[in-house]
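I opened this entry to keep track of what I looked up.

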Amino acid sequence: MDRIVLTLPSDIPSVALTGPNDSYIRALENAFKDVAITVRGNEVILRGSTDGTERVKKLMQNFLTVVRSGQPLSDDAVRRSIAMILSDGNETPAEVLTLNILSNRGKTIRPKTPNQKKYVDAIDKHTVTFGIGPAGTGKTYLAMAKAVQALQAKQVNRIILTRPAVEAGERLGFLPGTLHEKIDPYLRPLFDALHDMLDPEAIPRLMSSGTIEVAPLAYMRGRTLNDSFIILDEAQNTSPEQMKMFLTRLGFSSKMVVTGDITQIDLPTHQESGLSIVRDILEGIDDISFMDLTSEDVVRHRLVSEIVDAYGRFDSIEGNRASRRVNKPRSVRSDR
């Protein structure tokens, strides 16, 4: 049995590191069954196995770094930090949770998982980045935060946000209202994210000047996009021809991010998704990165990741059943 005594700094309230009613300590004890944790004043005493006590010590040190950075801990941050330490990955909780991308009206946008940090780093390092994963993994939200950051740093002159209006198809012309009213339902999630990242009164001005453009994918055809940060959202609903058209819009001093979820394709069953085959076509080309996000990177309610996993298991079972039905040998009827 190892015994480690950690002395909490006097300039930081102990509750910031131990949690309300020691809730963060209880979460550590639940995760590390072989470690007993006692809090006495500003001391935290760890007793248990060498490996367990060292991991808990490392976590407490990371908690201190996060709190010193000005970011308060939360139950979610503690849960994710424990998962990072248990995974033995290269990223520490402090490295992930203190990487600030953008701040607006007191809200700071940052990655919350190691994979999200790798995704953000890939956007920084590559001209074209693909973020592929289920709903709620932050693939579009983080890309938009990087776009706004690049605009504010004058690394680009404009932001272009686009997504395919699959459900409308060629019927947009028959819908009532102006063009903006017709396409607004398909682009609304992008507008919502923008309002989180910029002052609401600045958005109409930036859009009217062309600094920010939000438009259906069809409006990208025939253009060359220079000095721009370009995001294609819901890319699983592009055809291979549309994906090629979009990628070849890339101009000088521009950056592209393509996001999508290949398990949520809304195309007609006979039509192939451009996102599902683009990796086979482009993987290995320098300056293009493919980042896969999973249910572990879901940053919505905890149940969302469990729902994603449950559907994945169900789809796998149903796929196996369908395969068995297709491959089942037909019985030969006998009249004897």
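**Largest pocket.** I started with the volume of the largest pocket, and the space in it comes to about 870 Å³. The model is a predicted one, so I kept in mind that the lining is counted over all residues. I found 38 residues in that lining. Gly136, Thr137, Gly138, Tyr141 and Val299 are the ones that lie nearest the centre of the pocket.

I then asked which elements give two or more residues to the lining. They are helix H4 (75–87), strand E5 (107–109), helix H7 (139–152), helix H8 (179–197) and strand E10 (255–260). H7 supplies the largest share, five residues. Sorted by class, the lining has 13 nonpolar, twelve polar and 13 charged residues.

**Gln152.** Having noted H7, I picked a residue in that helix, Gln152. I looked up what Gln152 touches once residues up to four places away in sequence are left out, and I noted Leu102 and Leu198. Leu102 is 50 residues from Gln152 along the chain, and their C-alpha atoms are separated by 9.8 Å.

**Thr162.** Next I went to strand E7 (residues 158–163), where Thr162 has its place. Is Thr162 buried or exposed? Its relative accessibility is 0%, so Thr162 counts as buried; the cut-off for buried is under 20%.

I also checked the side chain of Thr162, which reaches the backbone oxygen of Ala215 at 2.8 Å.

**Whole chain.** I then stepped back to the protein chain, which has twelve helices and eleven strands. Of its 336 residues, 44% count as buried. I looked at contacts with a separation of 6 or more, and residues 24 or more positions apart account for 69% of them.

**Confidence.** Last, I looked up the pLDDT of the protein chain, which averages 88. A score of at least 70 is reached by 88% of the residues. Residues 330–336 have a pLDDT below 50.

How values were computed
Residues numbered from 1 in each chain as written. Predicted model: local features only at pLDDT ≥ 70, side-chain atom pairs only at ≥ 80, totals over all residues. Heavy atoms only, no water. 1 Å grid on protein atoms, 1.4 Å probe; cavity = no way out; pocket = protein on both sides within 12 Å on 5 of 7 lines; lining within 4 Å. Points joined across faces, edges and corners; volume = space filled by probe spheres on them. Helix = DSSP H or I, 4+ residues; strand = E, 2+ residues; numbered from the N terminus. Nonpolar A, V, L, I, M, F, W, Y, C, P; charged D, E, K, R; others polar. Contact = heavy atoms within 4.5 Å. Buried < 20%, exposed > 50% of the residue type's maximum accessible area, 1.4 Å probe, protein only. Polar contact = N/O pair within 3.5 Å; in protein donor to acceptor, adjacent residues only side chain to side chain. pLDDT = per-residue confidence, 0-100.
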